[in-house]
Amino acid sequence: MTVLCVRFQLPPAREAALPGLLGLLEEFTPVVEALPPDGALADLRGAERYFGRSAVELASVIRVRALALHGVDCVIGAGPGPMLARVALRDARPGVTCAVPEDAVAEFLANRPVAALPGVGTATSRTMCEYGLDTLGRVAAAPLSTLQRLIGARAGRELHEKANGVDRGRVVPNGVSRSLATERPFPLDELDPDRHRRALLSAAEELGARLRALDKVCGTLTLTVRYADRTATTRTRTLREPTAHSAALTRATYALYEALGLQRARVRALVLRAESLAPAEQASHQLTFDPVDEKVRRVEEAADRVRAKFGPGAVIPGALAA
């Protein structure tokens, strides 16, 4: 086991503590990949040799240091690769690292549902279940050609490999600065979808303004909905093209929210995160020849100049959508 998947148990108000916790992991290895808002992957291949300890033993040290230095507990999954470490994280709990032994990967995965694999969405899982392939063991035993007929050549091959424990992923060092986040808490648990949407509109406009101020665009949006019972749901969408255009971010945000199908959900807070940031000059923009869209972009530019001169409060949130 050489890879850890760590999820820090950060309360909503302490998401800003993630960079410091990533620094703690980097004391053991430089190969750390941030998984905002509260997680990370760490490749300990070199650290195991350097410290003369296994990844599970190092995980115990990391947990103690996170508690002692930051007052934050964590849950940790360990595995031969990032995919297996993520799957192991589902069974981890504070104080106990869940590890996938290299010689027991097939046994570890066999009875798990297809949806336990990272990257397997609801549609793929439903298709597999309709054909009786409801566990990873059954998927692994199915002919590759059958899976490819059901979900496509590439997706079928990837699912077959993952179900058989083939983990081709790697930990890609990055920084939490590659994302921007904003939170919209409600003073009371909120049931009204219209108020949810107004909060999302405000969050998307704020992210758009911050991205444009940094001359950045984002390629991915992640929406986290926190409920009254302290549970949360997170959904991510890759944008058709990287953008910092508030209207495009708002449309994508609404699509994420509507896909959740919330009915009478008591929502405590909404967190919107822009990820996969890149320099704006490297992004391409598909011309729409839509006069309304071009007008909105000109209004955005004017609003950005006002913000730069008088501060963020000079532009009322939601005004651009009026």
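Colleague: Which hand does the crossing of helix 6 and helix 8 have?

Modeller: Keep in mind that this is a predicted model. In it, helix 6 (residues 122-130) packs on helix 8 (residues 144-151) at an angle of about 125°, and the axes are 11 Å apart. That angle makes helix 6 oblique to helix 8. As for the hand, the crossing of helix 6 and helix 8 is right-handed.

Colleague: And how do the residues of that contact of helix 6 with helix 8 divide into nonpolar, polar and charged?

Modeller: Helix 6 brings Thr124, Thr127 and Met128, while helix 8 brings Leu147, Leu150 and Ile151. Sorted by class, the contact of helix 6 with helix 8 comes out at 4 nonpolar, 2 polar and no charged.

Colleague: Over to helix 1. Which residues of helix 1 are buried?

Modeller: The buried residues of helix 1 pack against strand 1 (3-8), strand 2 (32-35), strand 3 (39-43) and helix 3. The names are Leu18, Leu21, Leu22, Leu24 and Leu25. Their arc around the axis is only 150°, which puts them on the same side of helix 1. So the side in question is that of Leu18, Leu21, Leu22, Leu24 and Leu25.

Colleague: At roughly what angle do the axes of helix 1 and helix 3 cross?

Modeller: Helix 1 (residues 18-26) and helix 3 (residues 55-70) have axes that come within 11 Å, crossing at roughly 140°. This makes helix 1 oblique to helix 3, and the crossing is right-handed. The angle you asked for is roughly 140°.

Colleague: How many nonpolar, polar and charged residues does the contact of helix 1 with helix 3 have?

Modeller: On the helix 1 side you'll find Gly20, Leu21, Leu24 and Leu25, and they meet Ile62, Arg65, Ala66 and His70 of helix 3. The tally for the contact of helix 1 with helix 3 is 5 nonpolar, 2 polar and 1 charged.

Colleague: What about helix 10 and helix 11: how many residues of their contact are charged?

Modeller: Helix 10 (residues 193-213) and helix 11 (residues 246-259) pack at about 140° with axes 8 Å apart, so helix 10 is oblique to helix 11. Helix 10 passes helix 11 in a right-handed crossing. Among the residues that meet are Arg197, Glu205 and Arg212 in helix 10 and Glu258 in helix 11. Next to 10 nonpolar and 5 polar residues, the charged ones number 4.

Colleague: Is threonine 243 buried or exposed?

Modeller: Threonine 243 belongs to strand 8 (residues 232-243). Leaving aside residues up to four places away in sequence, threonine 243 touches Leu211, Val217, Cys218, Ala248 and Leu249. Its relative accessibility is 9%, and the cut-off is under 20%. So threonine 243 counts as buried.

Colleague: Where is arginine 230, with its positive phi?

Modeller: Most residues other than glycine have a negative phi. Arginine 230 has a positive one, near 75°. At 75% relative accessibility, arginine 230 counts as exposed. Its place is the loop between strand 7 (216-227) and strand 8.

Colleague: And what is the relative accessible area of serine 276?

Modeller: Serine 276 is another residue other than glycine with a positive phi, near 55°. Serine 276 lies in strand 9 (residues 267-279). It is partly exposed, and its relative accessible area is 40%.

Colleague: Last one, on the whole chain: what percentage of the residues count as buried?

Modeller: The chain has 12 helices and 9 strands. Among contacts with a separation of 6 or more, 65% come from residues 24 or more positions apart. Of the 322 residues, the share that counts as buried is 45%.

Conventions
Residues numbered from 1 in each chain as written. Predicted model: local features only at pLDDT ≥ 70, side-chain atom pairs only at ≥ 80, totals over all residues. Heavy atoms only, no water. Axes fitted to C-alpha atoms, helices over the stretch in contact; angles between N-to-C directions. Helix = DSSP H or I, 4+ residues; strand = E, 2+ residues; numbered from the N terminus. Parallel < 35°, antiparallel > 145°, perpendicular 65-115°, else oblique. Left-handed = near helix turned anticlockwise from the far one by under 90°. Contact = heavy atoms within 4.5 Å. Nonpolar A, V, L, I, M, F, W, Y, C, P; charged D, E, K, R; others polar. Buried < 20%, exposed > 50% of the residue type's maximum accessible area, 1.4 Å probe, protein only. Arc of directions from axis to C-beta.
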